[in-house]
Amino acid sequence: MRLLRVMGCLASLVLVAAFLQTPAISDVSAKTAHVAQPSSDTLATIQKRGSIRVGVAVNAPWVLHDKNDQWIGLDIDLMQQFAQDMRWKIEFVPTTWSTAIDDLRAGKFDVIAAGLSVTPQRALLLKYTQPYASFALGLVVNRKSLGKDDLLTLETGAGKHRVAVLSGTVTASTAKEYLGNSELVEINDESKAIQDLRNGTLDGLIAEQPLPDALAHSYQDQLRTLDVSAYGKTAHAFGLRRTDQDLVDVLNAWLVYEDATGWIQSREQFWIHSAAWIELM
C-alpha cells in the first residue's frame with residue numbers, strides 16, 4: 001500500500017509539472033498541455049501519403065533562408081536526406097519558436113527540425129529522437145560600439161548595450177539569466193539582426209555556436225566574439241509527438257546508419273565547422 005501511495009504521489013507530481021511550464025518552445029506551457037493530439041498512426045499515414053511534413057523555424061545554421069528564399073541548413077539537409085532514403089516526398093511547414101510544440105501536437109506537421117534543444121520540460125510534451133550533436137553558446141559583438149568593454153560590462157549592464165537573441169529559444173532563457181542587466185532584444189529574423197549588428201544598431205548577438213564564430217570570422221573588421229562557453233551547451237535532436245514511437249524508431253535507425261557512413265559528419269563539416277554558409281544568407 002505504501003508503495004502504491006508513493007507511485008500515486010509521483011504520478012501527481014509529473015502531472016503538476018506538465019501544467020507549470022511557460023508558453024515558449026523553450027519553456028513549455030499549461031496551455032500546450034491541452035492541445036489535442038492526432039490519434040492516427042503517423043508512420044502509417046506518412047507511408048500511405050508518401051510524404052513527411054517537417055516543421056521548421058529559423059535558427060541558423062540549422063534552418064535559414066538563402067538569398068532565393070529557399071530553406072537551407074543542417075537540419076534541412078538531414079531531413080531531406082532522410083525523406084529521400086525512405087522514398088518519401090518532403091514538405092517544410094513554417095512555424096515559430098513560440099508555437100512549434102502546439103503546432104506539432106495539433107498535427108500541422110510530423111516532425112520538428114529546427115536545431116531543437118533537448119530539455120526535460122519539453123520532453124513532457126514531445127518525444128525526442130537521439131541527439132545528433134551538442135552545441136555551446138557564443139556571443140558576437142560589434143567592435144566599435146563595444147570598444148574595449150568586456151563581458152562583465154554586458155553582464156552588469158554598465159554600458160547599457162543592446163544584445164539580440166532569437167525569441168522563444170533556450171538561448172533566450174539563458175540570456176535573461178546572464179545578460180538580463182543589458183537590454184535584450186528578442187528577434188525572429190537573424191538576417192536583419194546580423195545587419196543591425198554590423199552597422200552598430202545592435203551591440204551584440206548571443207546564439208548557439210557556430211553562428212557567433214562564423215560571423216566574427218566573416219566580418220573580422222566589424223565583429224569579434226566574447227567567451228561565454230561557461231553559459232553552457234545543449235544537445236540537439238528532432239521532436240515528434242509522444243504517441244509516435246514507431247516514427248522515432250525509424251528516425252533513430254536512420255541517424256545511426258548515416259552516422260556510421262560518415263554522411264552526417266560531412267554535412268556538419270560544412271554547416272558547423274566552416275563559415276562558408278554565411279555567404280548563402
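**Buried residues and a helix pair**

Student: Why does Ile72 count as buried in this predicted model?

Tutor: Ile72 has a relative accessibility of 14%. Buried means under 20%, so Ile72 counts as buried. Ile72 sits in strand β3, residues 71–72.

Student: What is Ile72 in contact with, leaving aside its neighbours within four places in sequence?

Tutor: Trp62, Val63, Leu64, His65, Asp66, Trp271 and Leu280. There's also Trp277: it is 205 residues from Ile72 along the chain, and their C-alpha atoms are separated by 9.5 Å.

Student: Now the helices. Why are α4 and α13 called roughly antiparallel?

Tutor: Look at the angle: α4 (residues 74–85) and α13 (residues 263–271) pack at about 155°. Angles over 145 degrees count as roughly antiparallel, so that is what this pair gets called. Their axes are 10 Å apart, and the crossing is right-handed.

Student: Which residues make the contact?

Tutor: From α4, Leu74, Asp77, Leu78 and Gln81; from α13, Trp263, Ile264, Arg267, Glu268 and Trp271. They divide into five nonpolar, one polar and three charged.

Student: And which residues touch the most other members of the largest nonpolar core?

Tutor: Ile52, Met79, Leu215 and Phe238, out of 67 residues in that core. Helix α4 turns up again here, giving the most to this core with six residues. As for Leu215, not counting residues up to four places away in sequence, it touches Val140, Ile194, Leu205, Leu223 and Ile278. Apart from this core lies another, of 15 residues, including Leu146, Val165, Ala172 and Ala175.

Conventions
Residues numbered from 1 in each chain as written. Predicted model: local features only at pLDDT ≥ 70, side-chain atom pairs only at ≥ 80, totals over all residues. Heavy atoms only, no water. Core = buried A, V, L, I, M, F, W, Y, C linked by side-chain atoms within 4.5 Å. Buried < 20%, exposed > 50% of the residue type's maximum accessible area, 1.4 Å probe, protein only. Helix = DSSP H or I, 4+ residues; strand = E, 2+ residues; numbered from the N terminus. Contact = heavy atoms within 4.5 Å. Axes fitted to C-alpha atoms, helices over the stretch in contact; angles between N-to-C directions. Parallel < 35°, antiparallel > 145°, perpendicular 65-115°, else oblique. Left-handed = near helix turned anticlockwise from the far one by under 90°. Nonpolar A, V, L, I, M, F, W, Y, C, P; charged D, E, K, R; others polar.
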